[in-house]
Amino acid sequence: KTWLSQLTDDLSQRLSILLANLQAIKHHHISETRQINLLDVYFHELKRLLLTRDSKVIAAESSLKRPAQRNLSNFSQTLRCLAELYFNLADKHYQRGERPADQPRFLFCLNRGSELISLQILHAYLYYRAAPKDCWLQLNQLLIYLEKAKALQLEPEVSPLGRSDNFEHIYKRIALTAIADPYSLSKYSVIRLYSMIAEVVNKAVITDLPPQQQVLENAFLLTGYFCVEAEQDQAPKALSKTPQLTRQASDNRMLQTQDVLTILGQKLILSNKRENALDLQLIRQVMPQLAANYQRQSPRKQLIDNGSVEIVHGYENIVDFLNGASVNIMQAKVLNDSEHGSLLLINKCEDTIDVNELVLLKLQNKLQLATICWFCNDWHNYAQAGLSLIEGTPEVVTCQPNPGNFLYPGIQLNTQPPALITQKGVFSPKRQLTISNTNETSINAETKDLFSATLDYERFTFIIKAGS
């Protein structure tokens with residue numbers, strides 16, 4: 001552990017060293033006892049790097065609109081490499097004819113490897129990436145294997161390392177995180193969600209699929225029921241969207257979330273000062289997904305001719321574009337449309353795009369503002385983005401708080417009441433502003449209601465003062 005404290009704090013370099021060391025362990029003959037003690041140091045270090053995110057880390061990541069693809073891949077590969085080393089140790093026990101329920105070190109290695117696979121999935125969700133190939137398949141198959149070995153709920157202890165979490169806890173925690181749809185959560189919320197789920201994960205239940213649930217079609221009666229498909233590389237999906245033939249497969253299982261929903265619902269009802277406001281907001285957002293009864297605002301309309309569109313993303317880039325400056329413009333295809341938004345396919349999306357980020361669409365005869373409400377990028381940088389359209393024609397303006405002489409750029413929307421989008425920090429209740437457009441026409445205004453705020457921008461309505 002001493003050498004860890006001497007490593008650089010630079011994440012890229014740190015990961016490269018950790019990965020190189022783990023790859024070297026694969027090729028050296030090290031006794032099983034020494035190896036399991038060594039892997040424990042890497043296990044806790046990788047968990048710390050993934051789950052502990054202070055303000056410095058967030059600020060550094062927020063400033064990068066194009067993070068090194070290598071960093072994302074290296075972190076994922078390092079988690080995978082460590083998982084494989086644990087599974088290699090487990091395989092030695094298997095080859096000796098031992099059983100996980102009877103041999104604590106065997107089960108300890110299986111559980112640690114499984115937790116690292118679940119963290120590999122979580123890491124992908126944190127950056128709106130698809131789960132890496134075969135991660136879910138491996139977890140689904142281990143669930144069945146350890147169930148048959150009667151070891152799902154055992155917490156093996158290995159001295160001096162302590163106990164591992166039981167596999168069922170590990171599986172249910174990442175499964176509930178996946179079901180909650182991390183691709184629709186604001187930046188970093190998935191780590192908060194993963195932490196919150198740890199408090200209620202034991203209320204989720206995994207069982208065989210009862211005959212009644214194998215044939216039920218009524219979506220309401222299937223609220224809170226999900227199907228685990230042992231042979232598929234995917235997270236549990238809503239039972240109401242699972243064909244009957246799939247439900248009847250002998251190795252498939254049912255995950256039930258009804259008691260989880262009850263506990264989360266009680267948190268909302270009994271909400272008090274002890275409950276963090278961000279946690280309550282997150283609970284409200286994920287409960288429909290955990291109940292498997294989320295409904296779209298309006299149906300998507302599939303397009304016969306997939307139209308192309310150009311997009312500019314990020315508040316500062318959009319202001320620069322509206323002012324005539326040269327900015328990075330991405331090409332996208334419209335996959336489908338609805339009254340409230342669109343689903344886009346973005347080829348070679350190498351920029352960081354976050355949920356709730358502001359985007360500008362260059363359409364044939366107009367400019368359209370929208371926010372990202374869902375985003376998923378695969379490991380080949382083919383991304384899909386769900387957009388929520390913002391009403392009003394965007395016009396670039398400047399605004400000056402009164403009293404004060406500092407000018408802020410802004411985007412005015414000609415809605416009723418009129419709205420303004422500015423960088424973070426401009427809005428405060430009933431703040432007096434002078435708003436000027438490119439024709440140097442000015443109005444005096446008073447801020448009214450804050451509609452939304454992110455790390456990047458604020459969107460709020462305002463009242464035009466009499467005499468303007």
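The model is predicted. Helix 9, residues 189-197, is largely enclosed by the rest of the structure, because seven of its nine residues are buried. The largest nonpolar core holds 85 residues, and a second, separate core holds 19.

**Helix 9 and its surroundings**
- The buried positions of helix 9 are S189, V190, I191, L193, Y194, M196 and I197.
- These buried residues pack against five helices: helix 3 (32-51), helix 6 (104-126), helix 8 (167-179), helix 12 (258-269) and helix 13 (277-290).

**Helix 9 against helix 13**
- The two axes come within 11 Å and cross at roughly 85°.
- Angles of 65 to 115 degrees count as roughly perpendicular, and helix 9 and helix 13 are therefore roughly perpendicular to each other.
- On the helix 9 side, the contact is made by S189, R192, L193 and M196, which meet L278, D279, L282, I283 and V286 of helix 13.
- Sorted by class, this contact between helix 9 and helix 13 comprises six nonpolar, one polar and two charged residues.

- Apart from its neighbours within four places in sequence, Y86 is in contact with I36, L39, D40, F43, F108, C109, R112, G113 and L116.
- Among the members of the second, separate core of 19 residues are Y128, V309, L361 and I372.

Terms used:
Residues are numbered from 1 along each chain as its sequence is written. This is a predicted model: local features need pLDDT of at least 70, side-chain atom pairs count only at pLDDT 80 or more; totals for chains, interfaces and linings use all residues. Side-chain values use heavy atoms; hydrogens and water are left out. Buried means under 20% relative accessible area, exposed over 50%, partly exposed in between (1.4 Å probe, protein chains only). Helices (H or I, at least four residues) and strands (E, at least two) are DSSP runs, numbered from the N terminus. Contact means heavy atoms within 4.5 Å. Axes are lines fitted to C-alpha atoms, for helices over the stretch in contact, and angles run from 0 to 180 degrees between N-to-C directions. Angles under 35 degrees count as roughly parallel, over 145 as roughly antiparallel, 65 to 115 as roughly perpendicular and the rest as oblique. Ala, Val, Leu, Ile, Met, Phe, Trp, Tyr, Cys and Pro count as nonpolar, Asp, Glu, Lys and Arg as charged, and the others, Gly among them, as polar. A nonpolar core is a set of buried Ala, Val, Leu, Ile, Met, Phe, Trp, Tyr and Cys residues joined through side-chain atoms within 4.5 Å.
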